[in-house]
Amino acid sequence: MPLIFLIVGLVTEHLGANPAEMIIHETGQWALRLLMLTLSITPLVQITGWSILTVRYNLRRLLGLYAFFYASLHLLSYLLLEQNFAWQEIMDDILTHPALDIGWLAFILMIPLAMTSYPQLAHQLSRRRWQQLHQLIYLISISAIIHFGWLAQAKVDVREPLIYAAILLMLLLLRYPPVIRRLAHKNVTFSKE
Amino acid sequence: IDFPHLKPSAFSTGEQSTPFAKITAYANFYEFGTDKSDPQRYAQTLTTRPWSVQVVGEVEKPGVIDMEEILRKFTLEERIYRLRCVEGWSMVIPWVGLPLSELIKRFQPTSKAKYVQFSSLLDPKQMPGQEDRFLNWPYTEGLRIDEAMHPLTILSVGLYGRVLPHENGAPLRLVVPWKYGFKSIKSIVKMRFMEQEPLTSWIEAEPRAYGFYANVNPTVPHPRWSQKKERRIGEFFKRNTLMFNGYAEQVSSLYTDMDLRKYY
């Protein structure tokens, strides 16, 4: 949906004075928002007992793949609109600006997660290995927020990245066993993960 | 049209001007918020009359000059200049203004006047962004005296032949076209002539990223991004940034024998 807004906005000139910048910022923000939503599904199911969300609709997988999709658009828009695919300068950027590198790191770590979201590839891994691999989402989320905060620092205004950091902290707290034991719905058992 | 009889200038560029609507809708003016669209939304609370500029420090004749006097006593010109923001975007703006040197001469700087510091209005009631302490308000900037006296340096009172919109720094702002936009301080209320290099808001906020000179220079990167290219507002892809924003012929002599990597 956000993509449709961006495309319609672009065609009808509703993306402000700097549409290229708007596209880069919005795709990045949506990748981050979808990452947070992906992380919120497990605690949501544990607290409400609505296991249908994960068992029947596999909402977590869907949101995770959308996050990867927007992260890809974000990277692609940087490569095209910021750098016009000038590989020499992209390399220069990688070598000199760690704020960009941490964004690259987050994206690269998302690739194996997206790939093993497809049953054919997931079956190559044991359930335990798959879970271990998908723990990477924590590192990805932290990297993505640092990437955002580091670049937003240009405006000396880091309130937005701090909000994301607070949300992430809350989502992590909801995974802390003593917390989740208190909040969990009585029908939820933990062995299933 | 507020200024019908403007003197044209040989310093004006022939490049296509950025549309008025985009110049006013996309601006950094943190006194009204850090989003580019905030100034247009919130700057209408600014009261621009009465307005005066206080001139203090190393001058023979310190004093106060009223805005009406500035408009009456100086010949206003149209100066169509490129503006390059440190963030990597640029515009072409038809300013209305007067050479800063003309105003400075009236106050007769002494031989000790090596620098001039500018301050913006400090009034959180009118400028709600000043409630947030990202920068040490009031916003301050500075120039070396030869930069201030350079014929390219102007005080602007308008654009597109109209009175300067609030969101672009009304009623009086600096324009130094070969430097990054943040040097061109808005809503000026004070000028102080000094012997020492003045501190500026951005140096205070992040000295590694923002220096006193802030000359547009594609070879010196910002710590977090390259400065080689810029996006001209209205264009989709980036273009190469020019040394001194394309004004090298006029200003490079100000910086001979200076290491521009050190004095960024």
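How many helices and how many strands does chain B have?

Mentor: Chain B has seven helices and twelve strands (DSSP runs numbered from the N terminus, helices being H or I of at least four residues and strands E of at least two). This is a predicted model, in which local features need a pLDDT of at least 70 and side-chain atom pairs count only at pLDDT 80 or more, whereas totals for chains, interfaces and linings use all residues. Residues are numbered from 1 along each chain as its sequence is written, and chains are lettered from A and ligands numbered from 1 in the order in which they are written.

The average pLDDT of chain B is 96, and 100% of its residues score at least 70 (pLDDT is the predictor's confidence in each residue, from 0 to 100). Along the principal axes, the C-alpha atoms of chain B fill a box of roughly 45 × 40 × 40 Å.

Chain B also meets a partner: 20 of its residues are in contact with 19 residues of chain A (C-beta atoms, placed from the backbone, within 7 Å). The side of chain B that touches chain A holds eleven nonpolar, three polar and six charged residues (Asp, Glu, Lys and Arg are charged; Ala, Val, Leu, Ile, Met, Phe, Trp, Tyr, Cys and Pro are nonpolar; the others, Gly among them, are polar). For the complex, the predictor gives an ipTM of 0.83 and a pTM of 0.90.

In chain A, helix α6 (residues 98-115) packs against helix α9 (residues 136-152) at an angle of about 155°, with their axes 8 Å apart (lines fitted to C-alpha atoms over the stretch in contact, with angles from 0 to 180 degrees between N-to-C directions). The helices α6(A) and α9(A) are therefore roughly antiparallel (over 145 degrees; under 35 is roughly parallel, 65 to 115 roughly perpendicular, the rest oblique). Among the residues in this contact are A:Leu105 and A:Leu109 of α6(A), and A:Ile140 and A:Trp150 of α9(A). The contact of α6(A) with α9(A) comprises 15 nonpolar, three polar and no charged residues.

In the second pair, the axes of helix α2 (residues 19-48) and helix α10 (residues 159-173) of chain A come within 10 Å and cross at roughly 20°. That angle makes α2(A) roughly parallel to α10(A). Here A:Leu32, A:Met36, A:Leu39, A:Ser40 and A:Pro43 of α2(A) meet A:Tyr164, A:Ile167, A:Leu168 and A:Leu171 of α10(A). By class, the contact of α2(A) with α10(A) has eight nonpolar residues, one polar and no charged.

Key
Contact = placed C-beta atoms within 7 Å.
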